[in-house]
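These are my notebook entries on one structure. I wrote down what I looked up, entry by entry.

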Amino acid sequence: MTIHYVTAFLFAFLATVAFGILFQGPKRILWLSGIIGGLGWIVFIVLKDALSIRSFSANFLATVVVALISEIFARIWKEPVSVFEIPAIIPLVPGLGMYQGMRYILNDYANFGSEALMGAALDACSIALGIMMVSGILRALKTGRDIARQRDWERPYHRVCM
């Protein structure tokens with residue numbers, strides 16, 4: 001079982017690094033993006049297979065993990081979040097579901113095809129929702145800190161001394 005997870009991590013790592021190169025990401029952080037993509041894929045596999053969580057929820061939670069780690073690494077390495085996040089999301093994209101849906105439709109199995117395409121669309125929506133939720137929460141926290149810092153800066157300290 002652990003060999004399955006190691007090979008899954010390795011292939012997700014390689015796919016993430018390959019897309020990082022394709023998107024012309026900075027070379028010094030490609031391996032970090034690969035680690036994030038591999039971890040996201042492992043989270044997805046564990047949730048879906050080992051814990052029998054549905055694909056939508058597993059994709060959402062794996063995306064939340066990817067987005068959080070990407071935000072942390074972006075602050076540590078002083079790079080934009082998208083440099084880490086976009087390549088790392090690639091292993092989670094439901095390409096097989098889209099392919100199977102179109103293949104079923106082209107072979108006159110419209111019911112199976114529409115079901116597969118709907119599942120892929122829901123998985124894609126869960127990825128977008130996970131990214132938006134994490135970035136929105138962190139942006140709201142940063143904005144709240146900035147407002148509090150500005151409020152403290154504008155306090156009239158000279159009145160205390162009078």
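Is I137 buried, partly exposed or exposed, by its relative accessible area? I found I137 partly exposed, because its relative accessible area is 46%, and the class runs between buried (under 20%) and exposed (over 50%), with a 1.4 Å probe and protein chains only.

Before going on, I noted that this is a predicted model, in which local features need pLDDT of at least 70 and side-chain atom pairs count only at pLDDT 80 or more, while totals for chains, interfaces and linings use all residues. Residues are numbered from 1 along each chain as its sequence is written, and side-chain values use heavy atoms, with hydrogens and water left out.

**Entry: I137**

I placed I137 in helix α6, residues 110-153. Helices here are DSSP runs (H or I, at least four residues), numbered from the N terminus. I also looked up the pair I137 and M98: they are 39 residues apart in sequence and 30 Å apart in space, C-alpha to C-alpha.

**Entry: helix lengths**

**Entry: α2 against α3**

I took the axes as lines fitted to C-alpha atoms over the stretch in contact, with angles from 0 to 180 degrees between N-to-C directions. The axes of α2 and α3 come within 8 Å and cross at roughly 155°. That makes α2 roughly antiparallel to α3, since angles over 145 degrees count as such. The crossing is right-handed, meaning that the near helix is turned clockwise from the far one by less than a right angle.

I listed the contacts, with heavy atoms within 4.5 Å. Residues of α2 including W31, L39, F44 and K48 meet residues of α3, among them N59, V65, F73 and W77. The residues of this contact divide into 15 nonpolar, four polar and one charged. Ala, Val, Leu, Ile, Met, Phe, Trp, Tyr, Cys and Pro count as nonpolar, Asp, Glu, Lys and Arg as charged, and the others, Gly among them, as polar.

**Entry: N59**

N59 is found in helix α3, and I found N59 buried, with a relative accessible area of 1%. Leaving aside residues up to four places away in sequence, N59 touches F44, L92, D123, S126 and I127.

**Entry: α3 against α4**

The axes of α3 and α4 come within 8 Å and cross at roughly 150°, and the two helices are therefore roughly antiparallel to each other. Their crossing is right-handed. On the α3 side I noted T63, A67, E71 and W77 among others, meeting residues of α4 that include V81, F84 and I89. I sorted the residues of this contact into nine nonpolar, two polar and two charged.

**Entry: positive phi**

Most residues other than glycine have a negative phi. I therefore looked for exceptions to this.

- Q24 has a phi near 60° and lies in the loop between α1 (2-22) and α2 (30-50). At 71% relative accessibility, Q24 counts as exposed.
- K78 follows α3 and has a positive phi of about 55°. K78 sits in the loop between α3 and α4 (81-89), and is exposed, with a relative accessible area of 71%.

Conventions: Angles under 35 degrees count as roughly parallel, over 145 as roughly antiparallel, 65 to 115 as roughly perpendicular and the rest as oblique.
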